[in-house]
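Hello,

Here is the structure you asked for. My notes follow below it.

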Amino acid sequence: MATVTHEQHAAVEERERVIVRFAGDSGDGMQLAGARFTDATAASGNDLATLPNFPAEIRAPAGTTAGVSSFQIHFAARDIATPGDTPDVLVAMNPAALRVNVPQLERGARIIVNEEAFTRRALQKAGYDDNPLDDGTLDPFELTRVPMSSLVSRALEDVEGATSRQAQKARNLFALGVVAWLYDRPTAVIERWIDQKFAADDVVRRGNRAAFSAGWAFGETSELIDVRVRVAPATDVPPGEYRNANGTTAMALGLVAASVRSGLPLVFSAYPITPASDLLHQLAPRAAQGVRTVQAEDEIAAAGIALGASYAGALGVTATSGPGLDLKAEAIGLAVMLELPLVVIDVQRAGPSTGMPTKTEQSDLLQALYGRHGEAPLPVLAASNPGDCFDTVYEAARIAIERRTPVIVLSDLFLSNSSAPWRVPRAADLAPIDPAFAPPREPDDPPFLPYERDDRGVRPWAIPGTPGLRHRVGGIEKQERTGAISYDGANHARMVAARAAKVAGVDVPPTALDHDDGADILVIGWGSSEGALIAGVRRVRQRGHAVARAHLRHLHPLPPDLGDVLRRYRRVVLPEMNSGQLARVLRAEYLVDVRTHACLEGRPLQAAEIERVILEEIA
Amino acid sequence: MSTTAEPTGTLTRADFQSDQETRWCPGCGDYAILAAVQGVMPDIGIPPERVAFITGIGCAGRFSYYMDTYGMHSIHGRAPTIATGLVAARDDLSVWIVSGDGDALSIGGNHLIHALRRDVPVKILLFNNRIYGLTKGQASPTSERGKVTKSTPDGSLERPVNPLATAIAAGATFAARAVDRDKAGLADVLRAAAEHPGAAFVEILQNCPVFNDGAFSHVQDKDEAVLHRIPLEPDRPLRFGRDGDQAVIRGDDGGLRIVPGAEADDASVVVHDPTIADPTAAFALSQLGVDTGHVPLGVLRRVPSTPWGEGLVAERRAALSTVDDAQLDRLLAGPDTWTVGGGPDA
């Protein structure tokens with residue numbers, strides 16, 4: 001934040017990291033503006049993390065605070081971990097967006113508003129008695145008032161055929177142009193996107209280009225913004241080829257990769273539900289990779305179809321969010337009993353019931369671990385950042401296929417929507433996946449035993465159509481080895497134990513510990529809170545304190561050394577976006593006094609609160 | 001699915017009989033159905049390892065254990081979902097669903113409707129005994145109004161579901177009905193179902209001797225059956241009863257009705273044609289006899305089918321086999337990448 005040089009009218013300030021938030025009505029195209037800004041930022045070589053935030057209603061009443069949609073991006077010249085806590089720059093397209101977001105700004109933050117949207121009617125809708133642009137409310141901030149509506153209209157005057165409605169819709173690209181200029185983003189990435197997206201309608205394409213250019217030109221010429229900000233490319237990230245990806249994209253690619261590497265066709269079955277539907281949308285166009293998607297009649301059918309596909313010898317996958325996981329429980333239980341592969345992805349959202357469908361939470365953990373009748377253990381894995389969604393779902397598929405078991409993968413809304421640079425994995429580096437179908441048998445061979453276990457406790461996967469392996473499976477308890485129906489209690493006890501032992505035997509690496517010498521506090525987490533924990537711990541260390549951090553992907557079975565690790569520290573703190581679900585598990589499992597920091601506000605954990613929580617424990 | 005049978009020649013009933021001890025109650029209609037299915041399987045000519053029976057829960061659900069084919073005894077009502085997944089991944093199997101009235105029409109009603117409207121290439125055998133048997137005698141969705149059971153001591157308040165009407169309304173391209181003890185008629189219907197390329201729905205009236213004995217005696221007992229069965233034979237006028245003394249005509253309201261045979265001249269008797277594209281004809285047959293106790297038996301509807309996802313299994317397998325590491329690398333990288341660092345020390 002040191003060097004300031006002058007270039008044309010605007011000084012240029014070097015910053016290590018910046019947080020920008022685009023906010024407007026849910027019809028204002030803020031998600032689009034944010035996503036394009038993210039593309040350009042990725043192309044600049046910055047490290048970045050994003051946080052989309054939008055209402056559950058497709059179009060909440062226009063202009064109200066309920067309808068405000070926002071997109072936050074944190075980008076830096078160094079490795080960063082979270083989408084950031086408080087924005088340095090807020091773009092507010094209307095009074096409601098200003099009202100909702102101003103409380104989260106720190107003194108000195110820049111606010112860019114479309115001043116023409118601050119009409120009396122719009123102010124009333126947002127709940128303002130007086131215009132905050134004029135009454136001193138915003139004095140603590142750097143306010144930039146831009147007459148966006150008329151500037152966009154003027155820019156589109158030169159585009160033959162452009163309508164006033166189009167001008168209204170293009171305001172987001174004007175705002176994007178202003179912010180792109182402010183941070184010196186490469187325009188080519190954005191312009192190429194506009195050209196491709198609107199290739200079918202030249203008037204719209206040219207109109208949007210004009211609006212974007214007008215925004216950039218406004219920044220350059222208006223002198224309203226006197227400091228441009230430069231954020232150098234990040235250099236402290238591991239070398240390699242990077243792309244930008246959100247959790248949904250990475251997870252969809254992970255499933256395709258698992259299909260390709262195992263040679264098993266992917267059958268992905270789902271029922272529309274927010275936010276998991278995006279996985280269906282991303283996999284449906286993947287026919288060229290052999291993917292078959294089925295939009296099922298309900299969540300139950302989606303799970304049944306995936307399980308039926310696994311029975312057939314494919315990679316059966318279903319994805320859902322909380323309410324759907326309730327409904328899939330019976331199919332998951334059957335998969336436990338059949339000992340067939342099944343991958344179930346739960347993109348968690350705030351519950352219970354419908355809860356807050358567009359807000360994030362990690363509160364399905366106990367359901368994933370225990371939410372079935374009977375003794376029905378299964379592996380549970382959680383992804384911790386967007387790129388990790390790829391690795392986690394790939395590993396889940398490998399475990400499911402090789403161990404003949406359902407596996408639940410926990411993601412959440414924040415992870416699925418949030419994007420970050422992702423070091424692109426190489427196909428050749430991916431662990432092999434061996435389905436090892438049971439081979440055909442000759443009539444003279446000894447009888448096939450569908451429930452005979454190998455030394456890992458794993459039974460054969462004998463797919464229909466294989467000569468010599470005809471057998472029946474079902475939800476009724478089976479005689480060990482033969483698989484025949486059995487109501488023998490002693491056999492049941494052995495089968496319960498065998499199924500549990502098979503899952504407990506899944507290979508889990510030791511706890512990855514980020515430990516400072518002398519640290520006696522361990523901060524441990526799971527899932528999407530990884531970034532906040534990394535950033536929070538970093539801040540505490542910058543204050544000179546020693547602290548250790550660990551993050552779990554494997555929630556069942558847990559890492560083999562986890563108990564020893566936990567007992568090494570005077571204090572163990574576990575922040576999670578629920579009331580303490582993993583803490584409860586760890587206490588029960590290891591008799592360690594794990595302290596919970598619960599966040600149930602429908603938002604990701606933040607670096608500042610993690611820092612505060614740790615400092616409280618140190619004090 | 002592929003309906004071309006491999007040359008087998010020597011298949012017999014025994015090839016389809018598993019070594020599991022059948023555990024239905026003595027006298028259960030399921031025995032007759034099992035024998036009929038095992039009996040027609042050699043005629044269908046598909047080797048047993050390419051046949052899969054998927055069942056739900058209930059007495060009928062045990063069916064899969066007794067067939068020496070591939071089989072899965074799944075979840076109450078969910079057999080159509082498992083079978084749909086199976087055919088989403090495989091086109092070389094003959095897939096059969098065995099279900100009951102509670103399984104298919106109550107807890108699994110949604111899946112039945114969608115399997116039929118999708119025209120999933122499966123055969124659906126619905127054993128209708130109008131009672132919950134395995135749970136020991138509660139009213140089922142096909143129990144008649146006023147039926148006294150453990151769960152309806154004052155008589156059921158509800159109108160029963162009409163399985164064939166439901167199937168036809170859901171868009172079934174094949175819909176048929178048979179009786180457990182009518183060996184020949186049942187075998188004919190099963191063979192016709194096996195030949196149908198899309199979803200084939202077969203209601204089989206099945207006696208539960210313990211909880212609903214005699215529910216279908218009017219079509220099972222020889223003397224009664226001749227009075228009540230309405231055999232559906234393609235291109236034949238619907239005359240039935242003792243010496244054809246009953247006939248089916250189309251009434252002024254468009255519905256079908258039963259009249260004394262003598263009152264109906266040949267021109268007015270309905271000639272059965274299961275291939276009529278408009279489902280109204282089959283729907284009218286599904287309503288015929290509901291109030292009088294007469295029961296049309298045979299194939300009500302058999303129209304051309306475009307089975308769900310035809311060709312997709314082979315297409316997707318072929319696509320997958322062409323994806324090599326280089327292509328996967330390109331897919332993972334996507335259109336926009338950038339490189340950080342120049343070497344291992346960067």
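**Helix packing in chain A**

In this predicted model, the axes of helix 1 (residues 30-43) and helix 7 (residues 187-197) of chain A come within 8 Å and cross at roughly 135 degrees. Axes here are lines fitted to C-alpha atoms, for helices over the stretch in contact, and angles run from 0 to 180 degrees between N-to-C directions. Helices (H or I, at least four residues) and strands (E, at least two) are DSSP runs, numbered from the N terminus.

Helix 1 of chain A and helix 7 of chain A are therefore oblique to each other. The angle classes are: under 35 degrees roughly parallel, over 145 roughly antiparallel, 65 to 115 roughly perpendicular, and the rest oblique. The crossing of these two helices of chain A is right-handed. (A crossing is right-handed if the near helix is turned clockwise from the far one by less than a right angle, and left-handed if anticlockwise.)

Helix 1 of chain A brings Arg36(A), Asp39(A), Ala40(A) and Ala43(A). They meet Val189(A), Ile190(A) and Trp193(A) in helix 7 of chain A. Contact means that the C-beta atoms of two residues, placed from the backbone, lie within 7 Å. By class, this contact of helix 1 with helix 7 has five nonpolar, no polar and two charged residues. Ala, Val, Leu, Ile, Met, Phe, Trp, Tyr, Cys and Pro count as nonpolar, Asp, Glu, Lys and Arg as charged, and the others, Gly among them, as polar.

Ground rules: residues are numbered from 1 along each chain as its sequence is written, while chains are lettered from A and ligands numbered from 1 in the order in which they are written. As the model is predicted, local features need pLDDT of at least 70, side-chain atom pairs count only at pLDDT 80 or more, and totals for chains, interfaces and linings use all residues.

**Domains of chain A**

Chain A is divided into domain 1 (4-230), domain 2 (242-429), domain 3 (436-507) and domain 4 (513-618). These bounds come from an automatic or database domain assignment. The centres of domain 1 and domain 4 of chain A, taken over C-alpha atoms, are 36 Å apart. Their contact takes five residues from domain 1 of chain A and eight residues from domain 4 of chain A. On the domain 1 side, three are nonpolar, one is polar and one is charged.

**Where the chains meet**

Chain A gives 58 residues to the contact with chain B, and chain B gives 51 residues. Several elements of chain B give two or more residues, including helix 5 (109-118), helix 11 (312-321) and helix 12 (325-333). Helix 3 of chain B gives the most, with eight residues. By class, the chain B side has 23 nonpolar, 17 polar and 11 charged residues.

Helix 11 (residues 299-312) of chain A and helix 3 of chain B have axes that come within 6 Å and cross at roughly 50 degrees. That makes the two helices oblique. Their crossing is right-handed. Among the residues in contact are Ile300(A), Gly304(A) and Leu307(A) from helix 11 of chain A, and Ile82(B), Gly85(B) and Leu86(B) from helix 3 of chain B. By class, this contact has 13 nonpolar, five polar and no charged residues.

Strands join the chains too. Strand 10 (residues 240-246) of chain A pairs with strand 12 of chain B in the antiparallel sense, over four bridges. (Strands pair if DSSP finds at least two bridges between them.) Glu241(A) stands opposite Thr339(B).

Best wishes
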